[in-house]
Amino acid sequence: MLEAIILLGAPGAGKGTTADDLKEAVSGLTHVSTGNMLREALQAKSEVGLEAKQFMDKGELVPDDVVMKIVSDRLDAGPSDARYIFDGFPRTCEQARLLDAFLAEDDRGQVSHVFLLEVPTEVLVDRIAGRLICRDCGAVYHVTNIPPKVEGVCDECGGELYQRADDNRETVLNRLEVYNNQTASLIDYYAQKNVLRRVKALNREKTLDAIRDHVQAS
Ligand code: AMP
């Protein structure tokens, strides 16, 4: 059976970093970031990438069916007993319903945990404005909070670090608004299913501590 562990939270809440930390701490987890997959599609200039670009540039959401297609293709290509950590997916209640339907079909699996990473807005903006990403492996850094050992170079793989095109102040404010308007309703969706846990995500180690045991136990 597939297992889906979902990290919810505003842009900059630390979903990518927490997913990386969890993957290190608990063996057998696969990190799926729809943002990374869309950026890869964009770099490869694929049809999906070019369609997604117009939305991503403005900080808007890529249509649900496009995102669900890349996720279902990815899950179908993996083993049937994989444990996935989703970061940045689902982003709308419709995506959550599509994911549930996909997992229910042929009894593929289920959503086991949803962790809501809670961070005050002013911290989010600061984190995003200073965020750096590895072009090769997608590892996440921050100019002051998580600096790489060598400026501009990924500690993990030696790849080049860059700032995402949508990590600028104007787009960030739009992304936060999109989160409040479209993604925050997912909190109720998963709370009603009794799989939601709220985690104060101001500190990296404490965030991992709050999540790790739940993930290990399942
Ligand atoms: P992220 O890396 O998760 O911050 O995503 C960057 C951008 O990719 C978002 O602002 C959206 O434009 C798009 N995106 C990523 N994941 C999704 C998703 N699940 N649904 C819709 N758009 C997404």
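## Basis of the model

Because the model is predicted, local features need pLDDT of at least 70 and side-chain atom pairs count only at pLDDT 80 or more, while totals for chains, interfaces and linings use all residues. Residues are numbered from 1 along each chain as its sequence is written, and side-chain values use heavy atoms, with hydrogens and water left out.

## Overall form

The protein has nine helices and eight strands, where helices (H or I, at least four residues) and strands (E, at least two) are DSSP runs numbered from the N terminus. Along the principal axes, the C-alpha atoms fill a box of roughly 45 × 40 × 35 Å.

Of the 218 residues, 50% count as buried, a term that means under 20% relative accessible area, with exposed over 50% and partly exposed in between (1.4 Å probe, protein chains only).

## Nonpolar cores

A nonpolar core is a set of buried Ala, Val, Leu, Ile, Met, Phe, Trp, Tyr and Cys residues joined through side-chain atoms within 4.5 Å. The largest one has 57 residues, and those with the most contacts inside it are Leu 8, Phe 86 and Tyr 190. A second, separate core of six residues includes Cys 134, Tyr 141, Cys 154 and Leu 161.

Leaving aside neighbours within four places in sequence, the residues in contact (heavy atoms within 4.5 Å) with Tyr 190 include Ile 6, Leu 8, Pro 90 and Val 195. Thr 183 lies in helix H7, which spans residues 169-183, and counts as buried because its relative accessibility is 4%.

## Aromatic rings and charges

The structure holds three aromatic pairs, in which rings of Phe, Tyr and Trp (its six-membered ring) have centres within 6.5 Å; planes under 30 degrees apart count as stacked, over 60 as edge-to-face and the rest as tilted. The rings of Tyr 189 and Tyr 190 have their centres 5.0 Å apart and their planes at 85°, so this pair is edge-to-face, and both residues are buried. Ring pairs also link Tyr 84, Phe 86 and Phe 89 into a cluster.

A charge sits over a ring if NZ of Lys or CZ of Arg is within 6 Å of the ring centre and within 35 degrees of the ring normal. The charged end of Arg 108 sits over the ring of Phe 102, 3.8 Å from its centre, and Arg 135 lies over the face of Tyr 162, at 4.4 Å from the ring centre.
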